[in-house]
Amino acid sequence: ILKIDNWEKYTKHDYAKFNVYHTWIEYINRLIGAIAGISVLILFISSLKYINKRPLITFLAFLSLVAILFQAWLGKIVVDSNLSANTISVHMIMAIILLFILFTILSIVSKKSTLIDLPRNISVLIIISIIILLGQVIIGTEVRKFVDIKMELYNYTQKGKWFEEIPNIFYTHRSFSWVIIILNSYIFYLLNKIRLKSIIIYSVYALIFIQIISGIVMFYFNFPFSTQPIHLLLSTIIVGLQFYFLMLYNNRSNEIKI
């Protein structure tokens, strides 16, 4: 005989609270994840034809497959942790690592042979920019954690209280935005100086300003719907494009018989 007293309340998630927006976001996230997983699997199968002549391509394709499977497992951990900031940070960094692997493959198979080799000083500056942007992603998840706590505490009827007692990490995040703008403006200047014009670097520069604008909109307009994921998506694209540019415009790496 079943007795109610024998059942324990499931406390990991509160399923009594249904949010249609969160449900759709989670569904779309999983759908995109499945499509990405299938695409990476196809990439690996296609790379097998290079296993003898260019084994690095096959190895990187296999690495991307392992990475996306690991990423799927991390996604489960994020949900189980009730979207804790630490697990989201790891999940985000893993996504960027996967992006780096895929862009490395793309740069290797590129047919361009007239690319100039980036001067060492510009390469170093781009690497510094990538590191700072990765730091911004991690700091951004901590800012998000603070905002989410305030949202839950004051809900959407008291948006004015969301930014009371702002932690120092928020100002750190905002200050590094200026560092990124100045650093990439200097990189842009140096590239123009050596007459290297690339749609990639123009896109990076434009996306950085759009990213800053999205941050301003979030702060001054109380996080309008979808601005957080857009802000995060832009960060990922910027980091990925900078890495791709670094790999692509490097003749030494392209000349290696892989």
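Mentor: Going by ring centres within 6.5 Å, the count comes to nine aromatic pairs. Take Tyr186 and Tyr189 to begin with: their rings are stacked, at 6.3 Å centre to centre and with 25 degrees between the planes. Keep in mind that this is a predicted model. The two tyrosines sit three residues apart in helix H5, which spans residues 168-193, so about one helical turn separates them. As for the solvent side, Tyr186 is partly exposed at a relative accessible area of 44%, and Tyr189 is also partly exposed, at 47%.

Tyr205 comes out as partly exposed, because its relative accessible area is 23% and the buried class stops under 20%.

Next, the nonpolar packing. The largest nonpolar core has 34 residues, and those with the most contacts inside it are Leu118, Ile122, Ile126, Ile187, Leu191 and Phe245. Helices H3 (85-109), H4 (120-154), H5, H6 and H7 (227-248) are the elements that each give two or more residues to this core. H7 supplies the largest share, nine residues. Look at Phe245 in particular: once you leave aside neighbours within four places in sequence, Phe245 is in contact with Leu118, Ile126, Leu191, Leu196, Ser198, Ile200 and Ile201. There's also a second, separate core of 14 residues, with Leu65, Met94, Ile101 and Ile105 among them.

Gln211 is placed in helix H6, and at 10% relative accessibility Gln211 counts as buried. What does its side chain find there? A polar atom of the Gln211 side chain lies 3.0 Å from the backbone oxygen of His231. Beyond neighbours within four places in sequence, Gln211 is in contact with His231, Leu234, Ser235 and Ile238.

Conventions
Residues numbered from 1 in each chain as written. Predicted model: local features only at pLDDT ≥ 70, side-chain atom pairs only at ≥ 80, totals over all residues. Heavy atoms only, no water. Phe/Tyr/Trp six-rings, centres within 6.5 Å; stacked < 30°, edge-to-face > 60°. Helix = DSSP H or I, 4+ residues; strand = E, 2+ residues; numbered from the N terminus. Buried < 20%, exposed > 50% of the residue type's maximum accessible area, 1.4 Å probe, protein only. Core = buried A, V, L, I, M, F, W, Y, C linked by side-chain atoms within 4.5 Å. Contact = heavy atoms within 4.5 Å. Polar contact = N/O pair within 3.5 Å; in protein donor to acceptor, adjacent residues only side chain to side chain.
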